[in-house]
Amino acid sequence: MAGTSVLFDAPGPRGRIRNQIAAYVTGALAVLIAAAVLWRFAEKGQFTWAKWEPFLTANLWQTYLLPGLQGTLTAAALSIVLALVLGLLLGVGRLSQLWLLRWPCAVLVEFFRAVPVLIMMIFSFSVFGLYDVVPSKYQALAGVVTGLTLYNGAVIAEIVRAGVHALPRGQSEAAASLGLSSGQTMRAILLPQAITSMLPVLVSQMVVVLKDTAIGYQILFLEVVRQSTNLGSAYGNYIPALIVVAVLLITINFALSTFATWLERRLRRSRRGPAPLDAEAAEQEGAPGAQVLPSQRD
């Protein structure tokens, strides 16, 4: 049946009433907790003009927030691009039919997923400094980018593998019947559909990368969260500084999520982009032009 949830049955009239009551109670509790937190902040003088006035000065932004924000965005952008490339290569490698390629990729993925990000950052920072791989000015940035790239590349590799495995097997079988090799099938048929369906998960991982740049303060990396604590120490306004930084990061993450949602819809509407992976619904609805292979009915 079209429109029926596959996760749970649609609630009846009483169930909808209970859900609405639970939603109202939860919302009321959230408002009360927020009001209590704000009241405590006000009681401690966190909303006085003296604590917020420095944020209206150019010196504060030029000295603390803008350099920290630049470091955060630089490390996040480099890590995201490199992690996507590494994750795509490792993910495709794990899906390869050649065991000489599949097993090394699997070992790398499992290893980098198991090692904490901070340890990889510290290790990379130490190696870069010991062997003078990069200039000392960029050692902290290189350590942060290396740690984030290795860990998130391994996670993205698993996302790619899961996305490809989620596609109907009939597509691979149809491609094989047309004489396409496994590489051609992966490149032209499976990956475009998998990447489109994986966009929400990939964006969530990008947000994780952006937030994990804050760990870089352990190797003296200049990022926005560390700069906010320095700002709070200099001006005596820790809470306002953290609130401002939180608003900045939430704004950036929201913009990233909005862009990903727009891109996903555009790819799904595009004639060149893959359609949503819902072959069963297409078969039941009898959508024109939808062809369902026998293997998809099994």
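This dialogue goes through several features of one predicted model.

Biologist: How many helices and strands are in the protein chain?

Modeller: Helices (H or I, at least four residues) and strands (E, at least two) are DSSP runs, numbered from the N terminus. Here the protein chain has twelve helices and zero strands.

Biologist: How are two packed helices described?

Modeller: By the angle between their axes and the distance between the axes. Axes are lines fitted to C-alpha atoms, for helices over the stretch in contact, with angles from 0 to 180 degrees between N-to-C directions. For helix H7 (residues 169-177) and helix H8 (residues 182-212), the axes come within 11 Å and cross at roughly 160°. H7 is therefore roughly antiparallel to H8 (angles over 145 degrees count as such).

Biologist: Which residues of H7 and H8 meet?

Modeller: Contact means heavy atoms within 4.5 Å. Gln-171, Ser-172 and Ala-175 in H7 meet Thr-185, Ile-189, Leu-190 and Gln-193 in H8. These divide into three nonpolar, four polar and no charged residues; Ala, Val, Leu, Ile, Met, Phe, Trp, Tyr, Cys and Pro count as nonpolar, Asp, Glu, Lys and Arg as charged, and the others, Gly among them, as polar.

Biologist: Is Gly-143 buried or exposed?

Modeller: Buried means under 20% relative accessible area, exposed over 50%, and partly exposed in between (1.4 Å probe, protein chains only). Gly-143, in helix H6 (residues 139-165), has a relative accessible area of 0%, so Gly-143 is buried. Leaving aside residues up to four places away in sequence, Gly-143 touches Met-121, Ser-124, Phe-125, Phe-128 and Ile-219. Gly-143 and Gly-216 are 73 residues apart in sequence, and their C-alpha atoms are 8.1 Å apart in space. Across the 298 residues of the protein chain, 33% count as buried.

Biologist: What is the phi of Asp-132, and what is that of Leu-220?

Modeller: Most residues other than glycine have a negative phi. Asp-132, not a glycine, has a positive phi of about 55°, and Leu-220, also not a glycine, has a positive phi of about 65°. Asp-132 sits in the loop between helix H5 (117-130) and H6 and is exposed, with a relative accessible area of 57%. Leu-220 is placed in the loop between H8 and helix H9 (224-235); its relative accessibility is 61%, so Leu-220 counts as exposed.

Terms used:
Residues numbered from 1 in each chain as written. Predicted model: local features only at pLDDT ≥ 70, side-chain atom pairs only at ≥ 80, totals over all residues. Heavy atoms only, no water. Parallel < 35°, antiparallel > 145°, perpendicular 65-115°, else oblique.
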